[in-house]
Each structure stands twice: as C-alpha cells, then as structure tokens.
Amino acid sequence: MRRLLRAPRLDMRQVAWRGCCAGLVFWVGGVATVQAQETYTQSDFGGVGLMQTPTARMAEEGEFSFVLSRTTPYTNYNVSMQPLPWLEGSFRYTNVSNRLYGPRNLSGSQTYKDKSIDVKARVCEESRWLPSVAFGVRDVGGTGLFSSEYLVASKRAGAFDFSLGLAWGYMGNRGDIGNPLNIISDRFRTRPASGTGATGALSINKFLRGRPGFFGGVEYHSPWDWLVLKAELDGNDYKHQPQNNNQPQRWPVNLGAVFRLNGNVDLTLGYERGNIGTVALNLHSNLARHVGPQKSFDPPPEPVSFTSTPASEVPTGPTQATGQAMGAGLAVPTPPDAAVADGPQADRKAPANVDWAAMAKTLHANAGINVSSIRRRGAELVITGEQERFFYTAEAAGRATRIVDNRVDGSIDWVTVESERNGLATVDTSVHRPRFIELLDHQIDLPTFRRSVEQDPVTARDDELLYAAPLKRFTGGTSIGYQQNVGGPDAFVLYQVYGAAYGTFNFNRHLWLDGVLAVNIANNYDKFRYDAPSNLPRVRTNVRQYLTSSDITMPNFQLTGTRKLGEDLYGMAYAGALESMYAGVGGEVLYRPFGEHWAVGGDINWVKSRGFDQDFSLRRYHVVTGQATGYLDTGFHDVTLAVSVGRYLAGDWGTTIDVSRQFANGTRMGAYATVTNKSGSSGYGEGSFDKGIYVSIPFDALLPSSSRNRATLMWQPLVRDGGARLNKRYTLYTLTNDLDADLFDKNLGKISQ
C-alpha cells in the first residue's frame, strides 16, 4: 500500500481554494449575463471536459464521439456516447508507449494496452443561481490504472464556462485535503494502488478512497465559432503514476485551444504539465438528429393525380369498412406516367381488370414489399408480404398506397399492408386512401392525417383472395466482410477481410435452409498466438483457433422454422451450424402483445462445439443452454430494459441486464452486463464479469439507398468464457420489430416521401 504525498514546493490547497473563490465570484457575476452557446468539447480521456479533467456539462443527447489524443507517454482511443440528456458513457483503449504489453516471447515489442469504461451522470441542472453538478467514475473496471471518482460543478458567465471539482484516485493524486469520508470509516484513508485489481473486475474497493485533490478550469467560447480556449487546474501531480511511470510536472495548469474544423471535426492543441505539447482529434456526430444521405439509388415514388374535391370527413376504420358490400370488379386507371396532375379521381379508371401479378411486381420494385398475397375485405385491399428495403414502415406504406391508388377504382377506401418477417405475420398498417391523397395534395396536414392511418394486430377475417405469389425457392448473393480483435497482446488490431457467399432455400414460407460460406482474402492472424487464461470450459477463449485454422469456413448453416402459435405468441425452431463455434438444435418462444410496451420469451438449446475449421466436424464439448428474457420499454426517454436469466455456454448460471436507448430515427445506444455464479471465481479467467457498450445504426442512415439492415458496433473489454451466450442468427424479438409502434409514429412523416 503506497502513501499519497503532496507536492512539496507549492501548497496546492491554497491554489484550489483560491480557484474556488474565483469561481464563486464568476458564478455570482454571471447570473445576469447572456449564456454562451451550448457546444461542449471533449477531454483527452473522452467525454465532455477540459483537458485531463471532466466538467459537469453533457453533450446533446444522441452525440457520438471518437477522440484520438496523445499526451506522452499515453495515447487514448476514446469512444463516447450520450444516450440520455443526463448520462454519458465512454469506452477507451490507452496505449502506454514506454511500457511493454508483456514478455517479449509473447507480445514482442508491442506496448502496453489498457481498456476501461467511464460513466458520468448529472446530479442537478444549472439554474440562475446554482451550477450544474455531476458525479462520475473513470476506469470503472479492470486493473484500474486510471481509476478515479469525482464530483464536479460548472457555471456559465457569458462566454466563459467555469468548473470546479474534487477527485479521488488518478485525477486527484495530488491529495490536497484529507478525505471527508474519514468520519464514516478509516478505510477511506488509503486507496489501493492502481493496477492491483483483477483484469475486467469492478474495482469498487477503491471508490472514494484516499486523499482527494481539487481540479477545475475555464472554457472560453470565442466570438469565432471555430475557436474555443481552455485553461485547467490539474488535480494530478504525476508523482504516483500507475506502473511506476511517473512523469515530470513543472506546473499544474494545462492550456488548450480547440479548432472546430467543421461541424463534425475538432482539433485540439495543448500544453500540459508545463513541459509537453499535446494533440487530440475529435470526430463526432449526433446520431439522434442524423439524417441519412439522399436516397439517389432508390426508385422515386409513383406520382399520383389529385382530386379537386375538398377534404373528406374523418374516415371509418378499415375493420369497420370490411363489412361493406362491394362489387367483384376493380378497374385500373390510366398508367401513372400518363396521369393528369389536376384531373379528378373519377377520371383514373380504365375498363380492364387489375393485373395483380404486375401490381405485386411493382410493389416489390418500388415499395420494397415481397408480396405473398393480395386480398380484399370489402372496401379494404390487404397486401401481405415482407418488407425487404425500407427501414421505416410508414415510407413503405405510403409507396404502396400510391401504387394501389394508381390501379384501382374508387371502391377501395383503405390500403392495408400486412407485414411478414420470415413467415411471421406481425402487424397491419392501414392507410385511408382518399385522405392520403389529400395529404399529398396539401389539403390536410400530417397531424390531421394521423387519424386516417392505424396499426392493428393481424387477425383472420373473411376475405377474397385476389393473388397468391409463387414461392421463390432460392435467393442468395455475395458480399465482402471484415472482422477484428482489438487490444490483445499479440497486436493492437488483429483483422481479417473475407469474401462471403450466402444463400437461402425456402421449403415454404415458414421453413427454410440458409448458410454462409466465407473465404479469407487478407489477415494478420499470423501474429495471433495468445489464449486468454481460463479454468472454465473454453467456450469463447479458443477464438484464436477458430480464426486461424482455415481460410475457407462455414460460419452458419441451419434449418429454421417459424410459426405463430396464437394471438401475440410466436415460435421458432432451428438446427444445424448455429454460429461459428457451435452446432446443435434449439427453440424459442416469445409473447409480445400488440400495442404493449413489454414482452417475455425464452429459448433452450442443445449445442456442441464445432471443429476449428468451421466445417461439419464437431468436438466433444456439449451443453444445454438458454435464457428466459423479459423486455420492457420503460417509457422513460425511450429506454428499453432487457433482463435475461438462465444457463450460459460454460454451464454457469446467471443473469444479463441490457439497457438501451432508441432514438426517433432508429439508432440505438446501450450497455450490458452479465454476472454468473462463476463471476469473480478463480476459474473465471480474465475479469470478474462480462460487460460492454454498443451502438446500433440503421444502414438507412449511412447509405444512398434504403436498407433494413443495421451496423452494430460493440466494445467489450475482454473475451471471456463465463457469461457467454449463443450467437443465434435469428431471434424472435428482432423478427417482430415491426410491432414497434413508437418508431412508426415518430416517422409517420415519411409516409408522404
């Protein structure tokens, strides 16, 4: 146990208290001033802050930042996210350039890498008289080389933003005062040395222990939007650095200038410790407000002609319209390209019957719906099929209504799209056709139109089958893929670029066989030699063998069947090579009531380890694994909580908690943690529990063409055997995502695009 010493030449407690008094003066003087623009910059460690230290400020919710900073001997690679207005999370790799990762026979000359997660929460918002206050934890788990806990307050005064805080651990190593918590217990007097925790462990034994130090500073927003200046009182004296890596410090004030190169790129130049220059590059974007590129590769929606009649009354819903008597024939209009924009709706009739097969083909090409059937319920036309292109249900429904409107007569009032996903019917989206045309013609606004579109559960009702599409037996394609391992002892980045061929054979709409064949193109896996320690069955830590044994692999090859077992009850069964490491059989059920914000389900699987070549061979290890999971949309800032309880791949029992926030455009930010009965035991290997943070972004927000796929980026400090789950290709919760009525409502405006 080390002693915490104060700097002998300068009484930093006086400096800190003077800074405190000066800050209070500015707070009082600033209550009548104009607030500075609320644009906050990132610190060297990621997260909103000054240079080495955080402030009580938060980025705008939905903000995502990648910060690369260099302050000798440390290089930080930071990812920061703002899922909630009051909560900030960061994941970081730190490269220590003057320390080796390990023995040269293992990692050669590779420098040491440390992984850590930070969390900051706002305690109270700034008011006229009081500052904003936040509490945070840096390097919350693992060896805790840079672990620190802090309380910080920030207050604006015109273009100036002042901060003052008290930190324990790394940020407060100067130890300006005795620990105020000593009155509670003597254990708060000393802090375990950094680097003494188990890798990946939650180092709560250090929390708020030892002598804390003051930190703070000021950020000045200049008259030029592209320039922000910073001055900071550092709470660290650098005499007690982890790994005995002490650094000289001439004075405790750090200076910096942030150059905002554009709306997404910041460059920071600084001078820290009174003896070293620093640089940081921040790439940032607000994922909640992000608007994807122009969909130049999408076909334009079909034009429609408009009626000159005034807006109609609020329509009767499609379920009520079903019982209306209808004639047998539907007429087609003049072709869309010949439609007259101002002509009355009655002029859009033609004597020929509708070519339903041609309509189904157009629905697929223009609205992205792979039609399985077209039916009729009185004044309602029901299109059943799977959406394959458009991420937003409203956009597809609008395009489908345009197509129908151009081909049927006025006897059809409602157009309903019955969504399917891998054979599971999920939700009916119904659009009142006349009111939709009025919306396109700007006769009514979107809030008024909202009463003319509805979503309902899929129910069996009497209808007339107009068209049944033939089953397409085979689909497939090719793609280029990339995978990596980051931060290991063999190399900072181990990567592979591969080509993949994938295909699906459909026996019927509820049963299919699909698989993926991958061929190595380029990798640096010749450096991959390290196997993480573990006394549990090696269910994940033998990843090296799976990645290096063969250049041609079959990551997935399985038979899958789905069935709707009852109202709101869905089922799925599967067998085969379920993922790159496991083959077996399993099943899943999910109860997801329509219109509710919760769901419950569970899966059970018997799996066996696959051969390292990822072919049809199997190894000896087998296990029964599965979890029961409850999902809850809390209604609080669109936060979803998922709690799973069950048995994991290594035979351990435990629970996984996943908390995520979905924004209006479908982007999701989240974090998870898994604790099992083996967590913290000697057999668990590296780390005491599994954890990670992730962001999931719709491809639709990234590409010039619409897509229903997602890009998911996951940051996990370590690969462990404890708490490992089967990576199934399909899950019922994702297959039924069209039941997310909130996402539909928030993007209803896309119905007219």
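## Helix 6 and its surroundings

The buried residues of helix 6 pack against helix 5 (393–405), strand 17 (414–421), strand 18 (424–432) and helix 7 (446–449). This is a predicted model, in which local features need pLDDT of at least 70 and side-chain atom pairs count only at pLDDT 80 or more, while totals for chains, interfaces and linings use all residues. Residues are numbered from 1 along each chain as its sequence is written, and side-chain values use heavy atoms, without hydrogens and water.

Helix 6 covers residues 433–440, and seven of its eight residues are buried, so the rest of the structure largely encloses it. Buried means under 20% relative accessible area with a 1.4 Å probe, counting protein chains only. Among these residues are Arg-433, Phe-436 and Glu-438.

Strand 30 (residues 653–662) pairs with strand 31 (residues 668–676) in the antiparallel sense over nine bridges. Pairing requires at least two bridges found by DSSP between the strands. Ile-657 has Ala-673 in strand 31 as its bridge partner. Five residues lie between the two strands of this hairpin, where Gly-666 takes a positive phi near 95 degrees.

Strand 31 also pairs in the antiparallel sense with strand 32 (residues 690–698), over seven bridges. Here Tyr-672 stands opposite Gly-692 in strand 32.

## The chain as a whole

The chain has ten helices and 33 strands. Both are DSSP runs numbered from the N terminus: helices are H or I with at least four residues, strands E with at least two. Of its 753 residues, 53% count as buried.

Definitions and conventions. Buried means under 20% relative accessible area, exposed over 50%, partly exposed in between (1.4 Å probe, protein chains only). Contact means heavy atoms within 4.5 Å.
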